[in-house]
Amino acid sequence: MLVTFYNSVHTLRMDLGMVTEYVGLQHFREILTSDDVFWKAARNSLVWGVVAPLVDLPLALTLALLLHARVPLARVFRTVWFTPVLMSYPVVGVIWLWVYNYDWGLANLALRALGLGDYAQAWLASPATALPALILVTTWMFAGFNMVVLLAALAAIPAEYLEAAVVDGAAGWRRVLHIVIPLLRPTLVNLAILDFIGKMKQFALVWVMTRGGPMWGTETVATYVVKRAFEWKTLDLGYPSAIAVIWFSIIFGLSVGLMRTLQRREVLEF
Amino acid sequence: MRRPLRRLLLVPVLLYTAFSAGPYVWTAMMSLRTTDEIYRSHYGLPIPAHWDKYARAWNEFGYATYFRNSTIVSVTSVVLVTLLGAMAGFAFGRRRYHFPLREPLFLLIFLSVMFPPQIMLLALFQILIQYRLFNSLTGLVLVYTVTELPLTIYLLRAFFAQIPTELEEAARIDGCNDWTIFWRVMFPMALPAVATTVILNFIYFWNEFLYAVVFITQQKIRTLPLAIQFLVSDQYQDVGMLATGLMIATLPVLVLYLFLSEWFVKGMTAGAIKG
């Protein structure tokens, strides 16, 4: 950690036996003023970090409420939905490369089966659809996980509240909104922040599925750091360290900010 | 709730189940079919089932090596992290142990739970090079141990802190010293908590990709996630064999999960703090 901060104000030439040279804030200036790729990567990561919780959590909450309403075989469904989070990103990445395959992938197959064949496309080949496609993959992975946490929180709510809310049908939905969600608020906030942080750090899925392409369309800050450090022939660890420092500060600041605004009274506790 | 309404709820539940399980079931079916069969029809049932593909992947495509590497790294790291984490958690959790800088040290540990891996990555890279541990499984084990230790200490400390002091006093009267109190009394009591951290850490190590991809460049010490990434680019056409490889990489965890799903859920959600 401290080494990284130290590196961020130096250039560090790997080809010259790790010689360090002090450059002050030069890296930071360069990143913030003239590095277009960094800004694209930052935008992608930020979109991912904001959109993912907005998709994952409502979906997870809906699923949790469904199972909580004593659907038959709820335990089986819970077990199945939780499974994707146990797989590694490379495994998930390969499976979804196949799902998004233009000719025979599940995604296009489903569209054609529904008569929406016109929408079938090479999902990862266009900058417009690649990022949403990857976001859907993380939703696939994490919705079940979030659902399980919410289900546990739901179970902790005194039964009378929910019975009252669910029993009387249509009006019950409004009660779910007004009773259950406020009670789940601390859990939802925690999950949202974790989801946000997780997506801001996203590396592996992108590395396996698109390598940041097409046209930087799925580049994240994390993949850019690794590329700058080990793939570009700049052979300088200082510059990517500076990116890491900037990004860490942003994640940290935004998380604390989120916690403050969403959480109000509650403290982050597990 | 009334019955017909509950049946209606099954519709979205089944739809989501198809979305959730579909891709993996499809992969499982492809893992039992040859690539030729797959290219003829991508959604055929695995009849006849080519179980021998698993043996071929294992012997001819190097999965035996990758599996061994992953096992060595994950198991060693879990053992180290658990032992160190339990002892440190015990020391931090029991009020009786006053050592210098106790509170600042714990704060530091708590903060490092939140560090994103990227910020450690380049510094660790440099350190590994310095100590000639780059490109070695030992180096990877050390990195894994160090990066997961804070969270493990944090989780176990909370557990040790709530064990009543009377137990400790009783053990002391029976002639135990700190060391035997820990191993004979406290550690066995903490086993449920330890089990959750073992599961959490094992899954993390088994699936870890970022550190592995940066710190390991030699083929023969690749772990499974790393191997899969390389096989995808080298043998993209050989869909059937890749599917078999994916199953080999995931089945051990998933089979354990089937039998111990409650423990897995507990372990994974305990790690929710890490995201």
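## Burial in the two chains

A residue is called buried if 20 or more other C-beta atoms, placed from the backbone, lie within 10 Å of its own. In this predicted model, buried residues make up 46% of the 270 residues in chain A, while in chain B they make up 41% of the 275 residues.

The model is predicted, and local features need pLDDT of at least 70, side-chain atom pairs count only at pLDDT 80 or more, and totals for chains, interfaces and linings use all residues. Residues are numbered from 1 along each chain as its sequence is written, with chains lettered from A and ligands numbered from 1 in the order in which they are written.

## Helices and strands

Chain A has twelve helices (DSSP runs of H or I, at least four residues) and two strands (runs of E, at least two). Chain B, by contrast, has 14 helices and zero strands, and its C-alpha trace spans about 75 × 65 × 35 Å along the principal axes.

## Contacts within each chain

Two residues are in contact if their C-beta atoms, placed from the backbone, lie within 7 Å. Among the contacts in chain A with a separation of 6 or more, 69% are between residues 24 or more positions apart; the corresponding share in chain B is 77%.

## Where the chains meet

The contact between the chains takes 56 residues from chain A and 49 residues from chain B. On the chain A side, the largest share, seven residues, comes from helix H5 (residues 89-99) of chain A.

Notes. Buried ≥ 20, exposed ≤ 12 C-beta atoms within 10 Å, placed from the backbone.
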